[in-house]
Amino acid sequence: MTSVLAGTALGIFLWAQGLEPSLLGVLVAAAGLTLLGALDDAYTLSVPLRLTGQALAAIVTVVSLPEDFRLLPGLMPEIMEDVLMVIGTIWFVNAVNFLDGLDWMTVAQVVPITLGVAVLHVLGAVPATVTLLALALLGAVLGFAIFNKHPASIFLGDAGSLPIGLCLAFMLIFVAKTDLASALLLSLYTLADSTVTLFRRFMAGERVFSAHRMHFYQRVVVERLSVPQVTARIFLLGLLLAGLAIAAMLADSLAGDILCLGLGVAATGITLYALGKGR
């Protein structure tokens with residue numbers, strides 16, 4: 001994560017005249033989550049303390065957005081939209097953290113999302129600063145992938161996965177401002193696996209924040225597939241979802257959004273079903 005922060009800060013320093021909005025807020029928040037994650041890795045912090053730190057990081061990130069930034073103008077009061085963005089950011093940070101349970105698992109999610117954001121910048125959908133962060137994160141994750149290849153020699157831990165989740169959430173907020181369907185598609189697998197698993201565990205009366213191996217990608221490794229087979233499936237799904245997100249942005253219509261979202265939901269559902277069945 002240090003390389004992401006340093007690379008982004010350098011980019012801002014070199015090209016600050018043409019880059020808006022500032023990334024200062026999300027960089028500070030990501031640094032804070034890196035420290036929080038490192039403490040949790042070392043001492044296992046309580047759930048309330050972890051959530052408080054994540055909430056503060058999400059608030060800093062949302063408050064740092066441009067003053068006139070609105071996702072759904074006219075549909076709800078600004079304060080309510082801000083609260084929803086904070087809640088959504090906290091959940092996405094945890095979703096990324098929950099899915100960091102296999103070698104290359106986070107790599108398989110981050111690479112398609114950041115590539116998708118970079119292409120969307122070419123289409124004029126996201127600001128240059130957001131793309132700078134995406135490319136810095138992409139480069140850092142590719143460098144990390146060399147050592148995290150199965151069997152891995154190093155791991156992200158909470159110190160890595162928490163700030164990565166925050167940076168991705170920040171990018172997706174800007175994608176959603178232009179096209180909500182594209183943002184949903186880029187994040188679809190991460191949100192689907194985490195949300196469905198959390199709901200199933202809650203309905204079963206389990207402690208939802210305790211360690212477990214019940215995510216779709218974890219269950220299939222235990223039962224049938226190898227780690228590289230699972231991460232390859234997630235990576236290919238991510239590339240498909242990124243392609244659909246780009247298609248939705250190009251279509252620039254409600255019908256295009258619905259079609260691409262439908263295809264993305266179907267592809268994600270089929271992947272989760274296949275993983276659940278060990279295929």
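## A residue between two helices

Where does Trp-104 lie? Trp-104 is placed in the loop between helix 4 and helix 5. The model under discussion is a predicted one. In this model Trp-104 has a positive phi of about 70°, although the residue is not a glycine. With a relative accessibility of 33%, Trp-104 counts as partly exposed.

A positive phi is also found at Asp-252, another residue other than glycine, where the value is near 50°. Asp-252 belongs to the loop between helix 10 (227–251) and helix 11 (254–276). Its relative accessible area is 66%, and Asp-252 is therefore exposed.

## Overall architecture

The protein contains eleven helices and zero strands. Read from the N terminus on, its elements run α-α-α-α-α-α-α-α-α-α-α.

Of the 279 residues, 49% count as buried. The accessible surface of the protein comes to about 13100 Å², and 71% of this surface belongs to carbon and sulfur atoms. Among contacts between residues at least 6 apart in sequence, 73% join residues at least 24 apart.

## Aromatic pairs

A pair of aromatic rings is described by the distance of the centres and the angle of the planes. The structure holds three such pairs. One of them is formed by Phe-69 and Phe-174, with 5.1 Å from centre to centre and 65° between the planes, an edge-to-face arrangement. Phe-69 lies in the loop between helix 3 (47–63) and helix 4, whereas Phe-174 lies in helix 7 (residues 157–178), so this pair ties together parts that are 105 residues apart in sequence. Phe-69 counts as buried at 4% relative accessibility, and Phe-174 likewise counts as buried at 5%.

The rings of Trp-91 and Phe-98 also make an edge-to-face pair, because their centres are 5.8 Å apart and their planes stand at 65°. Trp-91 counts as partly exposed, with 23% relative accessibility, while Phe-98 is buried, with a relative accessible area of 18%. For these labels, buried means under 20% relative accessible area.

## The surroundings of Phe-69

Which residues do ring pairs link into a cluster with Phe-69? The cluster consists of Phe-69, Phe-170 and Phe-174.

## A buried threonine

Is Thr-106 buried or exposed? Thr-106 is buried, with a relative accessible area of 3%. The residue lies in helix 5, which spans residues 105–122. When neighbours within four places in sequence are left aside, Thr-106 is in contact with Leu-99, Asp-100, Leu-156 and Ile-164.

## A cis peptide bond

The bond between His-150 and Pro-151 is a cis peptide bond, with omega at about -5°. Pro-151 is located in the loop between helix 6 (128–148) and helix 7.

Definitions and conventions: Residues numbered from 1 in each chain as written. Predicted model: local features only at pLDDT ≥ 70, side-chain atom pairs only at ≥ 80, totals over all residues. Heavy atoms only, no water. Phe/Tyr/Trp six-rings, centres within 6.5 Å; stacked < 30°, edge-to-face > 60°. Helix = DSSP H or I, 4+ residues; strand = E, 2+ residues; numbered from the N terminus. Buried < 20%, exposed > 50% of the residue type's maximum accessible area, 1.4 Å probe, protein only. Contact = heavy atoms within 4.5 Å. Areas by Shrake-Rupley, 256 points an atom, 1.4 Å probe, with all protein chains shown as cover.
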